[in-house]
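Please keep the sequence and the structure in view while reading.

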Amino acid sequence: MPRVNKQPRQAIALRLKTAREKAGYLSPEDFCEKNKLRLATYLNHEKGKHTIKMSYATRYAKLLSISFHWLILGENQSRPSWQNQSTAKKTDMISNAA
């Protein structure tokens, strides 16, 4: 299984911890127990000791309701609001012309 190497482990670890806390899990133990995860593995990821395999990153993103893209790269995958507005205007023009 490929490993995620796009960002330093520490940056990913910090985002993982932040996401866990914002999701309402007070501790890594609480998160792992409620989601049937191995605590030792999770702690190594949250502390940045081990590189996260893509399969783990995908699972964490799903469990924490965050974007995989944000977790790994620290970037928001959604379009900027101005881009959504211009797309909506084009759609309106097309539907009004019909």
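## Packing of H2 and H3

In this predicted model, helices H2 and H3 are oblique to each other, because they pack at an angle of about 135 degrees and angles over 145 degrees would be needed to count as roughly antiparallel. Their axes lie 10 Å apart, and the crossing that the two helices form is right-handed.

On the H2 side the contact is made by Pro28, Glu29, Phe31 and Cys32, while H3 contributes Leu39, Tyr42, Leu43 and Glu46. By class, the residues of this contact divide into 6 nonpolar and 2 charged, with no polar residue among them.

## Lysine 36, between H2 and H3

Helix H2 spans residues 28–35 and helix H3 spans residues 39–46, and lysine 36 is found in the loop between them. Most residues other than glycine have a negative phi. The phi of lysine 36, by contrast, is positive, near 55 degrees, in a residue that is not glycine. Lysine 36 is also exposed, since its relative accessible area of 74% is over the 50% cut-off.

## Serine 65, between H4 and H5

A positive phi also occurs at serine 65, where the value is about 55 degrees although the residue is not a glycine. Serine 65 lies in the loop that runs between helix H4 (54–64) and helix H5 (68–73). With a relative accessible area of 68%, serine 65 is classed as exposed.

Terms used
Residues numbered from 1 in each chain as written. Predicted model: local features only at pLDDT ≥ 70, side-chain atom pairs only at ≥ 80, totals over all residues. Heavy atoms only, no water. Helix = DSSP H or I, 4+ residues; strand = E, 2+ residues; numbered from the N terminus. Buried < 20%, exposed > 50% of the residue type's maximum accessible area, 1.4 Å probe, protein only. Axes fitted to C-alpha atoms, helices over the stretch in contact; angles between N-to-C directions. Parallel < 35°, antiparallel > 145°, perpendicular 65-115°, else oblique. Left-handed = near helix turned anticlockwise from the far one by under 90°. Contact = heavy atoms within 4.5 Å. Nonpolar A, V, L, I, M, F, W, Y, C, P; charged D, E, K, R; others polar.
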